[in-house]
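My notes follow in the order in which I checked things.

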Amino acid sequence: MILYDHPASANCLKVRILLAQLGVSYERVTVDLFAGETRRPEHLARNPDGRVPVLELDSGELLPESAAIMLYLAEGTPYLPEDRLARVRKAGVEKIGFAWAGETERGNSCAIDLRVVADHIKRGDGI
Ligand SMILES: N[C@@H](CCC(=O)N[C@@H](CS)C(=O)NCC(=O)O)C(=O)O
């Protein structure tokens, strides 16, 4: 898998946190949003919305949108409960972006629980 991302993007960070938590190996390709690379034709071909993250599956399928990527990755793992009620509580529309990164009191899809990030950094996960 290839993750098209940028180090300064929280939407990318939360995907990387989940990838690290799942122990999934992947290639990381930086698309420099500050240099306008997200709006160049090669990236618009990956995501017509012109944003990162985008996950490219081994099949070549392209998956934009952090919440969609996280849903895809979490399927079949404890990060996406099988129980219907538990699943929707975890994946509530507003909380979908950070529920798997760690619970926070409030936030939007860019919010990250810094304790979870700190744990990964301490473990040297290289997120
Ligand atoms: N809803 C999208 C938002 C993605 C997004 O806003 N990405 C920003 C970085 S956090 C981006 O790529 N900005 C570059 C641009 O708008 O050209 C998601 O959750 O993936």
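I looked up the bridge partner of Tyr4 and found Val29, which lies in E2. Since the model is predicted, I treat this pairing as a computed result. Strands E1 (residues 2–5) and E2 (residues 27–30) are joined over four bridges, and they pair in the parallel sense. I then followed the chain from E1 through H1 to E2, and this β-α-β crossover is right-handed.

Next I turned to the helix of that crossover. The 13 residues of H1 should span 18 Å at 1.5 Å a residue, and I noted that its end C-alpha atoms are 18 Å apart, so the two values agree.

Is H1 enclosed or open? I found that ten of its 13 residues are buried, so H1 is largely enclosed by the rest of the structure. The buried residues of H1 include Leu13, Val15, Ile17, Leu18 and Leu19, but also Lys14, Arg16 and Gln21. I also checked what comes after the helix: H1 is followed by Gly23, which has a positive phi, near 70 degrees.

Last, I looked at the ligand, which is surrounded by 14 residues, with Ser9, Leu33, Thr38, Arg51 and Ser66 as the closest. Two elements, helix H1 (10–22) and helix H3 (66–74), each give two or more residues to this shell. Sorting the shell by class, I recorded five nonpolar, six polar and three charged residues.

Terms used: Residues are numbered from 1 along each chain as its sequence is written. This is a predicted model: local features need pLDDT of at least 70, side-chain atom pairs count only at pLDDT 80 or more; totals for chains, interfaces and linings use all residues. A residue is near a molecule or strand if its C-beta atom, placed from the backbone, lies within 6 Å of it. Ala, Val, Leu, Ile, Met, Phe, Trp, Tyr, Cys and Pro count as nonpolar, Asp, Glu, Lys and Arg as charged, and the others, Gly among them, as polar. The expected span of a helix is 1.5 Å times one less than its number of residues. A residue is buried if 20 or more other C-beta atoms lie within 10 Å of its own, exposed if 12 or fewer, and partly exposed in between; C-beta atoms are placed from the backbone. Two strands pair if DSSP finds at least two bridges between them. A crossover is right-handed if, with the strands pointing away from the viewer, the path from the first strand over the helix to the second runs clockwise.
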